[in-house]
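Dear colleague,

Please find below the sequence and structure that I am handing over to you.

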Amino acid sequence: MKTLVNTLAEDTVKELVAVRRDLHQHPETAFEEVRTSGIVAERLRALGLEVRTGVAKTGVLATVRGARPGKTVLLRADMDALPIHEANDTPYRSRVDGKMHACGHDCHTSILLGVAKELVREAPGLKGAVRLCFQPAEESGGGAETMIAEGALEGPRPDAAFGLHVWQDLDLGQVGVTTGPFMAAVDEFTVTVKGKGGHAAMPHLSVDPVVCLASMVTALQTIASRGASPFAEVVVSVTQMRAGTAFNIIPESAWMNGTVRVFDPGLWEALPGHFERIVRGVAATFGCTVEIDFHRFNQPTVNDPAMAALAREAAAEVVGPGNVRDDIRTMGGEDFSAILRQVPGCFIAVGSRNAARGLVHGHHHPRFDVDEACLPIGAEVLLRTTQKYLGTSP
Ligand SMILES: [Zn+2]
Ligand SMILES: [Zn+2]
């Protein structure tokens with residue numbers, strides 16, 4: 001994949017792949033990114049940067065200061081892997097059973113380290129400052145929020161923030177920069193339905209939580225089909241259900257877990273109440289009781305129009321205007337949204353799919369892998385966006 005511009009030093013490009021493969025072989029899940037953050041801190045120190053470690057347990061912060069005064073921009077990479085067993089058979093496959101970089105956060109960490117190296121090299125000509133934020137626990141939620149709580153946006157407060165995600169829905173060589181809402185708000189629900197157990201042959205002597213739960217699953221779909229405008233984006237997915245121990249026993253209780261995702265702020269505000277009304281209503285119909293846990297993960301990831309325009313300009317320089325998409329949206333969520341709620345910025349999607357090489361598996365799939373030619377593209381786009389924002393374009 002040839003890009004239109006490549007200002008990255010040759011050693012930086014080589015390191016992008018080497019670091020990504022090293023991290024890929026040693027995946028660490030939420031708030032346990034000890035080895036990963038150790039490597040990040042070590043590499044940043046080797047660049048002569050002052051490094052703050054232990055932010056949000058395993059997060060790392062460092063600042064590249066330009067020679068001239070100016071604005072502060074925050075660049076963020078997430079570092080965590082997923083509890084998935086890798087099914088790929090590459091030389092750099094995960095060496096940890098049951099853990100895998102199946103979302104590409106190894107790529108993000110490697111890209112930001114590459115960008116850091118380039119920025120340090122350019123520091124004499126740089127205006128302002130760049131805060132590098134390596135955060136833990138994007139997948140389980142709470143990483144970005146905890147980094148913010150522990151000072152990631154303080155002293156001085158960044159004027160803008162940028163991050164990126166490698167993107168398997170986009171072919172290598174394409175970059176997605178969406179104006180406004182880009183990724184959905186994410187809620188997780190857990191419901192325990194309690195009835196009265198008994199013999200399967202005498203259901204009238206029991207209160208069956210399984211039939212109740214089944215009705216709930218169906219009724220909850222009306223949040224999307226009847227509770228929201230047909231033009232609104234809403235997803236309700238029940239993803240886990242558990243009940244019972246034998247074919248002839250009506251169990252005491254049944255359990256489910258799942259997620260609701262929306263874009264619209266009004267719908268988001270109303271969701272917990274709407275959800276609870278349906279669940280309690282169905283439970284009452286069947287004479288069951290319920291316990292509900294409704295956990296709010298992320299609000300929508302919303303790109304600032306001016307920052308998106310800047311990122312789009314940078315991306316067009318790297319991959320050509322015809323390869324920059326402005327229509328990418330997903331019901332997936334991102335905790336970078338927590339930063340974007342406080343600081344105007346943009347989250348960029350960097351195409352990483354390559355069908356010709358069989359690199360087609362989606363995020364969180366056990367055979368997820370990217371075309372690593374996306375790494376220099378991501379680094380170049382992030383670097384140029386930063387330079388444009390600080391007013392030190394090459
Ligand atoms: Zn993910
Ligand atoms: Zn991710």
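The donor residues of the zinc ion (ligand 1) follow the sequence spacing C-x35-E-x224-H. Cys103 (SG), Glu139 (OE), Glu139 (OE) and His364 (NE2) coordinate this ion at 2.0 to 2.8 Å; donors are N, O and S atoms within 2.8 Å of the metal (3.2 Å for Na, K and Ca), and water is not among the atoms, so sites may look incomplete. The angles among the four donor atoms run from 51 to 146°, and the site of the zinc ion (ligand 1) is irregular. For that label, four donors count as tetrahedral if all angles lie between 85 and 135 degrees; four count as square planar and six as octahedral if opposite donors are over 155 degrees apart and all others between 65 and 115; anything else is irregular. Cys103 lies in the loop between β3 and α3, and His364 in the loop between β16 (345–353) and α10, so the pair ties together parts that are 261 residues apart in sequence. Helices (H or I, at least four residues) and strands (E, at least two) are DSSP runs, numbered from the N terminus.

Please note that this is a predicted model, in which local features need pLDDT of at least 70 and side-chain atom pairs count only at pLDDT 80 or more, while totals for chains, interfaces and linings use all residues. Residues are numbered from 1 along each chain as its sequence is written, chains are lettered from A and ligands numbered from 1 in the order in which they are written, and side-chain values use heavy atoms, with hydrogens and water left out.

The protein donors of the zinc ion (ligand 2) are Cys103 (SG), His105 (NE2) and His165 (NE2), at 2.1 to 2.5 Å. Their spacing in sequence is C-x1-H-x59-H. Because Cys103 lies in the loop between β3 (68–78) and α3 (105–122) while His165 is in strand β5 (residues 160–171), the pair ties together parts that are 62 residues apart in sequence.

The relative accessible area of Cys103 is 9%. His364, at 38% relative accessibility, counts as partly exposed.

Turning to the sheets, eight strands form an open sheet of mixed pairing in the order β1-β2-β4-β3-β5-β16-β6-β15; two strands pair if DSSP finds at least two bridges between them. Within this sheet, β5 and β16 run parallel and are joined by eight bridges, and Ala161 has Gly345 in β16 as its bridge partner. Strand β6 (residues 175–176) pairs with β16 in the antiparallel sense over two bridges, with Val175 opposite Val350. Eight of the nine residues of β16 are buried, so β16 is largely enclosed by the rest of the structure. Helix α3 lies across β2 (59–65), β3, β4 (127–135) and β5, at about 160° to β3; axes are lines fitted to C-alpha atoms, for helices over the stretch in contact, and angles run from 0 to 180 degrees between N-to-C directions.

A further open sheet has four strands in the order β10-β12-β8-β13, with antiparallel pairing. Its edge strands are β10 (234–243) and β13 (289–298), each of which pairs on one side only. Strands β8 (residues 185–194) and β12 (residues 253–262) pair in the antiparallel sense over ten bridges, and the partner of Asp187 in β12 is Val260. Helix α5 (residues 209–220) packs on the sheet and touches β8, β10, β12 and β13, its direction making about 10° with that of β12. Helix α7 (residues 265–286) also packs on the sheet, touching β8, β10, β12 and β13, at about 160° to β13.

Finally, the largest nonpolar core has 63 residues, and those with the most contacts inside it are Leu44, Leu75, Leu132, Phe134 and Phe162. A nonpolar core is a set of buried Ala, Val, Leu, Ile, Met, Phe, Trp, Tyr and Cys residues joined through side-chain atoms within 4.5 Å. Helix α10 (residues 374–390) supplies the largest share of this core, nine residues. Apart from this core lies another, of 27 residues, among them Leu213, Val234, Val260 and Ile278.

Yours sincerely

Notes:
Buried < 20%, exposed > 50% of the residue type's maximum accessible area, 1.4 Å probe, protein only. Contact = heavy atoms within 4.5 Å.
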